[in-house]
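This report describes one protein model, part by part. Please look at the sequence and the structure first.

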Amino acid sequence: HPYRSSDRPNGYTVTVEALADASHQVTQQLRADGYENVGLIGHSAGSEESELQAGLYQDVDALILSGFTHQATERFTA
């Protein structure tokens, strides 16, 4: 069922590290299912997550990043 507005998790609690770990888990499952080549394509914040996943786990064969430049907000830099 849909969330009530007050029940929605705060989006700021999800970290890029958690997203990279989730992407790594998908990559590992693809490898376990027999895929020999796995690549990541990221746009915007997905570029950051893909770059981090590729660097930390070194388990992808290709990386395509786009739309990566952002102006950090004061809340982000705090």
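## Packing of helix H2

The buried residues of helix H2 pack against helix H1 (16-32), strand S1 and strand S2 (62-66). Helices (H or I, at least four residues) and strands (E, at least two) are DSSP runs, numbered from the N terminus. Buried means under 20% relative accessible area, exposed over 50%, and partly exposed in between (1.4 Å probe, protein chains only). In H2 the buried residues are Ser47, Glu49, Ser50, Gln53 and Ala54. They lie on the same side of H2, because they cover an arc of only 165 degrees around the axis. The arc is that of the directions from the helix axis to the C-beta atoms.

H2 itself runs over residues 45-57, which makes 13 residues. From its first C-alpha to its last it reaches 18 Å, close to the 18 Å expected at 1.5 Å a residue. The expected span is 1.5 Å times one less than the number of residues in the helix.

## Glutamine 53

Which residues does glutamine 53 contact, leaving aside its neighbours within four places in sequence? They are Ala20, Ser23, His24, Thr27, Leu40, Gln58, Asp59 and Val60. Contact means heavy atoms within 4.5 Å. Glutamine 53 is found in helix H2 and is buried, with a relative accessible area of 0%.

## The model and its confidence

This is a predicted model, in which local features need pLDDT of at least 70 and side-chain atom pairs count only at pLDDT 80 or more, while totals for chains, interfaces and linings use all residues. Residues are numbered from 1 along each chain as its sequence is written, and side-chain values use heavy atoms, with hydrogens and water left out.

The predictor's confidence in each residue is called pLDDT and goes from 0 to 100. For the protein the mean pLDDT is 85, and 79% of its residues reach 70 or more. Where pLDDT is low, the predicted coordinates should not be read in detail.

## Overall make-up

The protein has three helices and two strands, which follow the pattern α-β-α-β-α along the sequence. Of its 78 residues, 18% count as buried. Among contacts between residues at least 6 apart in sequence, 48% join residues at least 24 apart.

## The salt bridge

How many salt bridges are counted? The count comes to one salt bridge, a term for a side-chain nitrogen of Lys or Arg within 4 Å of a carboxyl oxygen of Asp or Glu. Aspartate 61 forms a salt bridge with arginine 31, and the closest N and O atoms are 2.9 Å apart. The pair links distant parts of the chain, 30 residues apart: aspartate 61 is in the loop between H2 and S2, and arginine 31 is in helix H1. Aspartate 61 counts as partly exposed at 47% relative accessibility, and arginine 31 counts as partly exposed at 26%.

## Positive phi angles

Most residues other than glycine have a negative phi. Serine 44 is not a glycine, yet it has a positive phi of about 60 degrees. Serine 44 sits in the loop between S1 and H2 and is partly exposed, with a relative accessible area of 24%.

Glutamine 58, also not a glycine, has a positive phi of about 45 degrees. Is glutamine 58 buried or exposed? Glutamine 58 is exposed, with a relative accessible area of 67%.
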